[in-house]
Amino acid sequence: MKSVLTLKNVKKTIKGKEIIKGISFSVSEGEVFGFLGPNGAGKTTTIRMIVGLTRISEGEIIVCGKSVKRDFEGSIRNIGAIVENPEMYKFLTGFQNLQQYARMHGGIKKEKINEVVELVGLEDRIHDKVKTYSLGMRQRLGLAQCLLHDPKLLILDEPTNGLDPAGIKEIRDHLRRLAREKRMSVVVSSHLLSEMELMCDRIAIIQNGELIDVQTVNDFVNPDRAAFEFETGPLGDAANWLRSEWQATITDIGFSVNAIREDIPGILRRLIEWNIDVYGVGTVSKTLEDRFLEVTTK
């Protein structure tokens, strides 16, 4: 797949302290890429470097083949972004804000403004002044502004802040459709992990300025080693073997172990040798939140 965004060993140093410690990843065309990490991990600092709001100390950021360092105007032309909260002229209407942005960018027609207004669901309030908007409505207006110039890369820092569940689903569906139909690449930073699991193709986890992992959502949630839960009769002395050999957790109905699928027949054979009754074996599904907490609390 064609790479739209590439970070190569990017570092950020502030007052002698390395905040971002050499992170590298790429985002493909038409991909929704989740950027996750605890508060203070470096997500927003990294995003600010991508969009040119913070200087890169070391490394390279490439957007659509153009270097943010060496060709800032060429690279930023391909980006639409909301970093933290969208800022608007509150004394103007939503439509007037979009008109102002269109004039600044050039070449954006009224038909395009109407198209993005409909896309984000602001038709009923677009001619009201922004000072009357809720935070969620300002988020929608900010997204509309980002989309006016048809960017190749859309970067959204907490895009669902202030939205109700229906609004969150709408934004998620909009982003998936943009990626699918317009082949737009989307980078999303959010703390709503359940939404990220539904929205993203791949995720990157950053902690203390270091990139911990980059995987597809499916591979991250369903790793090679999974948790298996066994429903059994009384374990007796077999419990000691399970704890020592498999680091098993003994439960009210039996035990659970982390293993690969091929390990299960051997465990079952050994339990039969111990004359342990086995009533069932199943995998314990984990959410993105479960796996995120496992990775970031090690």
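View 1. S28 is buried, with a relative accessible area of 17%, where buried means under 20% relative accessible area, exposed over 50% and partly exposed in between, for a 1.4 Å probe and protein chains only. The place of S28 is in strand β2, and helices (H or I, at least four residues) and strands (E, at least two) are DSSP runs numbered from the N terminus. Not counting residues up to four places away in sequence, S28 touches M1, K2, S3, V4 and S185, a contact being heavy atoms within 4.5 Å. This view and those that follow show a predicted model, in which local features need pLDDT of at least 70 and side-chain atom pairs count only at pLDDT 80 or more, whereas totals for chains, interfaces and linings use all residues. Residues are numbered from 1 along each chain as its sequence is written, and side-chain values use heavy atoms, with hydrogens and water left out.

View 2. E60 is found in strand β4, which spans residues 58–63, and at 16% relative accessibility E60 counts as buried. The side chains of E60 and R70 are joined by a polar contact of 2.7 Å; a polar contact is a pair of N or O atoms within 3.5 Å, of which, within protein, one must be able to donate a hydrogen and the other to accept it, and residues adjacent in sequence count only if both atoms are side-chain atoms. With neighbours within four places in sequence left aside, E60 is in contact with T6, L7, K8, V10, S67, K69 and R70.

**View 3. Helices α3 and α5.** The axes of helix α3 (residues 94–105) and helix α5 (residues 135–147) come within 10 Å and cross at roughly 25°; axes are lines fitted to C-alpha atoms, for helices over the stretch in contact, and angles run from 0 to 180 degrees between N-to-C directions. α3 and α5 are therefore roughly parallel to each other, given that angles under 35 degrees count as roughly parallel, over 145 as roughly antiparallel, 65 to 115 as roughly perpendicular and the rest as oblique. The crossing of α3 and α5 is right-handed, a term used if the near helix is turned clockwise from the far one by less than a right angle, with left-handed used if anticlockwise. G94, N97, L98 and Y101 of α3 make the contact with L141, A144 and Q145 of α5. The residues of this contact of α3 with α5 divide into four nonpolar, three polar and no charged, where Ala, Val, Leu, Ile, Met, Phe, Trp, Tyr, Cys and Pro count as nonpolar, Asp, Glu, Lys and Arg as charged, and the others, Gly among them, as polar.

**View 4. N97 within helix α3.** N97, which has its place in helix α3, is buried, with a relative accessible area of 5%. Apart from neighbours within four places in sequence, N97 is in contact with M88, Y89, L92, V130 and L141. N97 and I126 lie 29 residues apart in sequence, and their C-alpha atoms are 9.6 Å apart in space.

**View 5. Helices α3 and α4.** α3 and helix α4 (residues 110–119) pack at an angle of about 130°, with their axes 11 Å apart, and that makes α3 oblique to α4. The contact is made by F95, L98, Q99 and A102 of α3 and by K110, I113, N114 and V117 of α4. By class, the contact of α3 with α4 has five nonpolar, two polar and one charged residues.

**View 6. Helices α5 and α6.** α5 and α6 pack with their axes 12 Å apart and at an angle of about 10°, and α5 and α6 are therefore roughly parallel to each other. From α5 the contact takes in R140, L143 and L147, and from α6 it takes in G167, E170, I171, L175 and L178. These residues of the contact of α5 with α6 divide into five nonpolar, one polar and two charged.

**View 7. H149 in the loop between α5 and β7.** H149 lies in the loop between α5 and β7 (153–157) and, at 13% relative accessibility, counts as buried. A polar atom of the H149 side chain lies 3.0 Å from the backbone oxygen of I79. Residues up to four places away in sequence not being counted, H149 touches R77, I79, G80, Y101, H105 and I108.
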